[in-house]
Amino acid sequence: MVIIVKIPEIREYVIEKLEYIFNPRSVAVIGASRTPGKIGHEVVKNLLEGGYKGKIYPINPKAEEILGLKCYPNIKEVPDEVDLAVVVVPAPIVKQVIKDCAEKKVKGIVVITSGFSEVGNREEEDEIVKICREHQIPLIGPNVVGVLANKSKLNASFAPDLPYAGKIALISQSGALIIGLIGWTWLHRVGLSTVVSIGNKADVDFSELIIYFAEKDPATNCAAIYMEGTDAGREFVEACRRAAKKLPIVVLKAGFSKRGELATMSHTGSMAGSARIYGAAFKQAYVIQAKNLEDLYDRALALSLQPPLKNDLVLVITNGGGAGVLATDAAEKYGIPLQDTPKDLAEALKKYMPPFGSTKNPVDLTGMANEAWYYGAVTEALKHPEVGGVVVIYCHTAITEPMKIAEKIAEAGKVAKEMNKPLIACMIGGEEVEKASNWLKEQGIPSYPIPDRAMSAMGALREYGRILERIGYEK
Ligand code: ACO
């Protein structure tokens, strides 16, 4: 018996055919159930409710129709080509279903079903992978929530909603995390293009997905990855290096503790490996690391909305001294220690503060700051040739309306865009401030509730800037 341990190499047919999975003209759901609440029923419902415009074919030998759609007893009886087959039958039936899919010449397969290598059933998993590879059909899974893509309004999963739209592709080895993180995208306006649950990654691994998003998917400009482990490390490094010019890649690696390693083994059948080995590989792969889930989204959001930071002179502009100090500490932590404000800029900034303000970096406009001062100071800084980027911090005061401040920051964002420099906001306060902060993100300005998170985001933009300095900017 051949044991299939990893992808044999980065396969161009997989990269080409992934488009059929994320942008299919037709989807068959094999194991579409008549019973609401069963996964096979919810996948069909999600396809319909998500607004997918292609053809949907439920497959179930016991049903005539499901949710108003004609049912077929077997995929081979569908009178049309099928691009994507989503498999939701119990594990013992999966192999036969995969054979049927191969005969039907489907272009891509997603297997939601659990009960394979994660519980020691390696043999059956290898057999289905073998069939897929023989027929050059990329397979995602098994043991996944499914795939979701905003460009095709495809919710081929049992996650309740499509994510808030944006340009980040989220690739996750955990399915349940994905479901939770989709909720976050709406709550915090973190825009995703695509969500892929890769589960046991028996066939398609991180590598080919990364190259697909970098080279074949204009809807994506950043990848955020939740990783437990990979046994295709060499291919992962190769793929990330190939993608790095076009696609910043942020990875949250889990399972570094002793018990964490055991947990990843039983969750997705992956070896977690040591932090040292992964750290070295990530460096070699031009990967930007995140320290937790929040940081994964924070860093990916900045990378998806803003250009890389090309030099280390970041100016912090605030109306609160304490917030400025916190930002200063964080700047050091994330590898961009604050430098002095250039003399001519310091002079120019005096127009936007009372005599007791400070033009030193962090620049303190004081609690008297209004939206006009914010706009003036931020744009003045962005236009200065020595400044690489700006972090603008706002603490809610009684003399300002958060939304008006946000509007001026968004206006300054247009100047940042012209100058091709990153602008990041930090808005500290209650509900009204959160609303303004979310609105800012909708306008393309990453915004965070504390200085540490804003600075981590700017740090990620600097890391990507350094990567591009090393490998060359895209022409
Ligand atoms: N072809 C098509 N349909 C078939 C076939 C066949 N050959 N044989 C049976 N079916 C139908 C069944 O009749 C049933 O439809 P019905 O309800 O209308 O009768 C449907 O397929 C589903 O089959 P069931 O036997 O009812 O299976 P059930 O829905 O209970 O479970 C499932 C199937 C969901 C795939 C289950 O085995 C499983 O793996 N669940 C776990 C999924 C999961 O959690 N994935 C990982 C997510 S990641 C995370 O962390 C959350």
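Strand E15 (residues 314-318) and strand E17 (residues 389-395) run parallel, joined by five bridges. This is a predicted model.

- Val 316 stands opposite Val 391 in E17.
- E15 and E17 belong to an open sheet of five strands.
- The strand order is E16-E15-E17-E18-E19, and the pairing is parallel.
- Strand E16 (363-364) and strand E19 (447-448) stand at the edges.
- Each edge strand has a single partner strand, so one side of each has no neighbour in the sheet.

**Ligand surroundings**
- The ligand takes up the space of the largest pocket.
- There are 24 residues around the ligand.
- Those that come nearest are Ser 33, Arg 34, Lys 38, Asn 60 and Ser 114.
- By class, the shell holds 13 nonpolar, eight polar and three charged residues.

**Polar contacts and burial**
- Lys 38 places a polar side-chain atom 2.5 Å from an oxygen atom of the ligand.
- For Asn 60, a polar side-chain atom lies 3.0 Å from an oxygen atom of the ligand.
- Ala 176 contributes through its backbone: an N or O atom there lies 3.3 Å from an oxygen atom of the ligand.
- The ligand taken alone exposes 1000 Å², and the protein buries 74% of that.

Definitions and conventions
Residues numbered from 1 in each chain as written. Predicted model: local features only at pLDDT ≥ 70, side-chain atom pairs only at ≥ 80, totals over all residues. Heavy atoms only, no water. Near = heavy atom within 4 Å. Polar contact = N/O pair within 3.5 Å; in protein donor to acceptor, adjacent residues only side chain to side chain. Areas by Shrake-Rupley, 256 points an atom, 1.4 Å probe, with all protein chains shown as cover. 1 Å grid on protein atoms, 1.4 Å probe; cavity = no way out; pocket = protein on both sides within 12 Å on 5 of 7 lines; lining within 4 Å. Sits in = over half its atoms within 2 Å of the grid points. Nonpolar A, V, L, I, M, F, W, Y, C, P; charged D, E, K, R; others polar. Pairing = 2+ DSSP bridges. Helix = DSSP H or I, 4+ residues; strand = E, 2+ residues; numbered from the N terminus.
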